[in-house]
Amino acid sequence: MVAEEAIELGRKLDILIALTLCQLEHRTDPSDVIAVLSRFEIEPREVAAILGMTSNAVRVARHRLRRSVRTRPRGLAKRN
């Protein structure tokens, strides 16, 4: 196996683990899943395929997530 293939396989396994954890934690809100998958720098079209959304809807959700993180006062965690 070529090093690049091994890296890609590891990346895909990390994504599967993250999705499994979302499911185990009962995170069914798409924005939660998008936030988790964004950490892996997955393209919006890939996230859209996973969630059954359009890539534009994923882009909008990512933008809103980034905006909400920027506007949140430092030191305060988001309450659920």
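Biologist: What percentage of the 80 residues in the chain is buried?

Modeller: Buried residues make up 18% of the chain, where buried means under 20% relative accessible area, exposed over 50%, and partly exposed in between (1.4 Å probe, protein chains only). This is a predicted model, in which local features need pLDDT of at least 70 and side-chain atom pairs count only at pLDDT 80 or more, while totals for chains, interfaces and linings use all residues. Residues are numbered from 1 along each chain as its sequence is written, and side-chain values use heavy atoms, with hydrogens and water left out.

Biologist: How many helices and strands are there in the chain?

Modeller: Four helices and zero strands, in the order α-α-α-α along the sequence. Helices (H or I, at least four residues) and strands (E, at least two) are DSSP runs, numbered from the N terminus.

Biologist: What makes the span of α4 close to the expected one?

Modeller: Helix α4 covers residues 55-71, which is 17 residues, and reaches 24 Å from its first C-alpha to its last. The expected span is 1.5 Å times one less than the number of residues, and for α4 that expectation is 24 Å.

Biologist: Why are the buried residues of α4 said to line one face of the helix?

Modeller: The residues in question are Val58, Ala61 and Arg62. Down the axis of α4 they fall within an arc of 100°, so they line one face; the arc is that of the directions from the helix axis to the C-beta atoms. Arg64, Arg70 and Thr71, on the other side of α4, are exposed. An α-helix has 3.6 residues a turn, so residues three or four places apart point the same way.

Biologist: Which helices do the buried residues of α4 pack against?

Modeller: They pack against α2 (30-38) and α3 (44-51), with contact meaning heavy atoms within 4.5 Å.

Biologist: Why are α3 and α4 called roughly perpendicular?

Modeller: Their packing angle is about 110°, and their axes lie 8 Å apart. Axes are lines fitted to C-alpha atoms, for helices over the stretch in contact, and angles run from 0 to 180 degrees between N-to-C directions. Angles under 35 degrees count as roughly parallel, over 145 as roughly antiparallel, 65 to 115 as roughly perpendicular and the rest as oblique. The pair α3 and α4 is therefore roughly perpendicular. Pro44, Arg45, Val47 and Ala48 of α3 meet Ser55, Val58, Arg59 and Arg62 of α4.

Biologist: What angle do α2 and α4 make?

Modeller: About 80°, with the axes 10 Å apart. These two helices are therefore roughly perpendicular to each other as well. Ser31, Ile34, Ala35 and Ser38 of α2 make the contact with Val58, Ala61, Arg62 and Leu65 of α4.

Biologist: How do you know that the buried residues of α3 line one face?

Modeller: Pro44, Val47 and Ala48 are buried in α3. Seen down the axis of α3, these residues fall within an arc of 100°, so they line one face of the helix. Their packing partners are α2 and α4, and Arg45 and Ala49 are exposed on the other side of α3.

Biologist: Which residues of α2 are buried?

Modeller: Val33, Ile34, Val36 and Leu37. Their arc, seen down the axis of α2, is 160°, so they too line one face of the helix.

Biologist: Why is Pro44 called buried?

Modeller: Pro44, in helix α3, has a relative accessible area of 11% and therefore counts as buried. Leaving aside its neighbours within four places in sequence, Pro44 is in contact with Ser55, Val58, Arg59 and Arg62. Pro44 and Val58 are 14 residues apart along the chain, yet their C-alpha atoms are separated by 5.7 Å.

Biologist: What makes Glu41 count as exposed?

Modeller: Glu41 has 67% relative accessibility and therefore counts as exposed. Glu41 lies in the loop between α2 and α3, and its phi is near 55°, a positive value in a residue other than glycine.
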